[in-house]
Amino acid sequence: MEVRVGEIGNVVGVEDQDDLLKSSFKVSQEMEKFLCDRLLDQDQPISERFRALFSLRNLWGSGPRNALINATRDPSNLLAHEAAFALGQMQDADAIPALEGVLFDFSLHPIVRHEAAEALGAIGIESNILLLERSLASDPAQEVRETCELALSRIKELKNVGTDDGSPTMAPSPFLSVDPAAPASYSSVEDLREVLLSEEKGMYERYAALFALRNNGGEEAISAIIASLGSKSALLRHEVAYVLGQLQNKRASDALSMTLKDVNEHPMVRHEAAEALGSIADAECLALLVDFSKDPEPIVSQSCEVALSMLEFEKAGKSFEFLFMQMPHAEQVS
């Protein structure tokens with residue numbers, strides 16, 4: 001569940017906000033233990049475990065990190081991939097050895113290995129290049145290899161735009177997300193559309209066009225993004241669905257609904273379509289989520305279950321994350 005607020009919200013993890021991420025909240029030891037235990041308790045409903053995960057991603061230290069690392073090996077591929085994603089959004093370099101282990105464990109679902117590769121790119125340390133190059137040359141799954149290609153390009157881009165003291169930096173995303181690519185600098189929506197829809201362009205260039213169109217947010221830009229749901233790459237299609245969820249534009253509902261309904265579509269794409277429909281959240285979207293919460297593919301059914309749970313909390317005016325419901329145990333640091 002790629003929620004760069006989280007894979008249904010966005011974690012604060014852009015490079016310029018790294019200090020904010022590390023110091024935003026303090027919690028009691030009891031609360032931290034509760035969150036870690038809840039995340040790893042396989043007897044809990046998947047939505048409850050995601051509530052814990054989305055809380056832990058806002059904390060810093062060995063306890064939250066180790067809980068998220070353990071969750072990358074969970075039987076739920078949805079939860080495991082979101083845990084790897086969160087470690088990348090937190091840009092926690094201490095998680096690199098564990099992410100390396102996930103990346104090269106071919107017994108794990110490709111969606112989990114893909115998130116480990118993306119997380120290594122999000123952390124952005126130059127020493128991750130060798131790991132990603134090795135995975136690019138050896139992983140049997142195309143979506144993982146394409147993710148490695150993206151992550152390698154992101155690290156090289158970070159190196160090119162480094163600060164005077166040599167530390168990498170990249171302009172913050174307006175969506176408070178650590179994106180796999182920096183938005184392209186083309187001035188024309190037409191040019192961006194051409195790049196995004198071109199099967200001849202490299203994956204990083206197409207992702208860069210996608211994020212530039214997202215940041216533009218105009219009607220023509222949204223039309224181009226919707227059209228790219230027909231791309232050959234499952235990796236790109238999943239990111240397109242994710243971006244449409246960020247934009248929460250109802251014009252995308254029909255295309256996202258068709259994606260979710262397509263049982264021949266890659267589960268990673270269908271799950272992002274489900275989350276995006278949860279973000280749009282009109283009556284038709286909600287009915288579809290209820291229907292597909294019974295889908296035989298757990299990645300899809302669990303995505304729908306979590307999306308519906310989040311909407312219930314929102315409807316009740318409550319926070320989905322435990323962290324924001326437990327004030328005096330979790331107090332924001334001024």
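Predicted model: local features only at pLDDT ≥ 70, side-chain atom pairs only at ≥ 80, totals over all residues.
Q: Is Glu133 buried, partly exposed or exposed?
A: The general idea is to read the relative accessible area against two cut-offs: under 20% is buried, over 50% is exposed, and partly exposed lies in between. Glu133 has a relative accessibility of 37%, so Glu133 counts as partly exposed.

Q: How far apart are Glu133 and Cys148, in sequence and in space?
A: Along the sequence, 15 residues separate Glu133 from Cys148. In space, their C-alpha atoms are 7.1 Å apart.

Q: Could we step back to the whole protein? How many helices and strands does the protein have?
A: The count is 17 helices and three strands.

Q: What percentage of the residues count as buried?
A: Of 334 residues, 57% count as buried. The accessible surface of the protein is about 13,700 Å², and carbon and sulfur atoms account for 49% of that area.

Q: How should I read a salt bridge, and how many salt bridges are there?
A: As a general idea, side chains of opposite charge can pair when their charged atoms come close. The working cut-off here is a side-chain nitrogen of Lys or Arg within 4 Å of a carboxyl oxygen of Asp or Glu. By this rule there are 17 salt bridges.

Q: Where do Glu48 and Arg51 lie?
A: Both residues belong to helix H3 (residues 46-56), where they are three residues apart, about one turn of the helix.

Q: Which residue forms a salt bridge with Asp92?
A: The partner of Asp92 is Arg65, and the closest N and O atoms of this salt bridge are 2.8 Å apart. Asp92 lies in the loop between H5 and H6 while Arg65 lies in helix H4 (residues 62-71), so the pair ties together parts that are 27 residues apart in sequence. As for burial, Asp92 has 2% relative accessibility and counts as buried. Arg65 also counts as buried, at 12%.

Q: Which residue forms a salt bridge with Asp179?
A: Asp179 pairs with Arg214, with 2.8 Å between the closest N and O atoms. This pair links distant parts of the chain, 35 residues apart: Asp179 is in the loop between helix H9 (142-160) and H10, and Arg214 is in helix H11 (residues 203-216). Asp179 and Arg214 are both buried.

Q: Now for backbone angles. What is the phi of Gln91?
A: Gln91 is not a glycine, yet its phi is positive, about 55°. You will find Gln91 in the loop between helix H5 (77-90) and helix H6 (96-103). With 12% relative accessibility, Gln91 counts as buried.

Q: Which residue follows H15, and what is its phi?
A: Ala281 follows H15, with a positive phi near 60°. Ala281 is found in the loop between H15 and helix H16 (283-292), and at 29% relative accessibility Ala281 counts as partly exposed.

Q: How do I read the span of H15 itself?
A: The idea is to compare the distance from the first C-alpha to the last with the span expected at 1.5 Å a residue. Helix H15 (residues 267-280) has 14 residues and reaches 20 Å, close to the 20 Å expected. In H15, 13 of the 14 residues are buried, so this helix is largely enclosed by the rest of the structure.

Q: To finish at the surface: which residues gather in a patch of negative charge?
A: The patch consists of Glu190, Asp191, Glu194 and Glu220. Helix H10 (residues 189-197) provides the largest share, three residues. Glu194 is in helix H10, and Glu194 is exposed, with a relative accessible area of 56%.

Methods. Residues numbered from 1 in each chain as written. Heavy atoms only, no water. Patch = residues over 30% accessible without salt bridge, like charges linked within 9 Å, V, L, I, M, F, W, Y side chains within 5 Å. Areas by Shrake-Rupley, 256 points an atom, 1.4 Å probe, with all protein chains shown as cover. Lys, Arg positive; Asp, Glu negative; His and termini not counted. Charge placed at Lys NZ, Arg CZ, Asp CG, Glu CD. Helix = DSSP H or I, 4+ residues; strand = E, 2+ residues; numbered from the N terminus. Buried < 20%, exposed > 50% of the residue type's maximum accessible area, 1.4 Å probe, protein only. Expected span 1.5 Å × (residues − 1).
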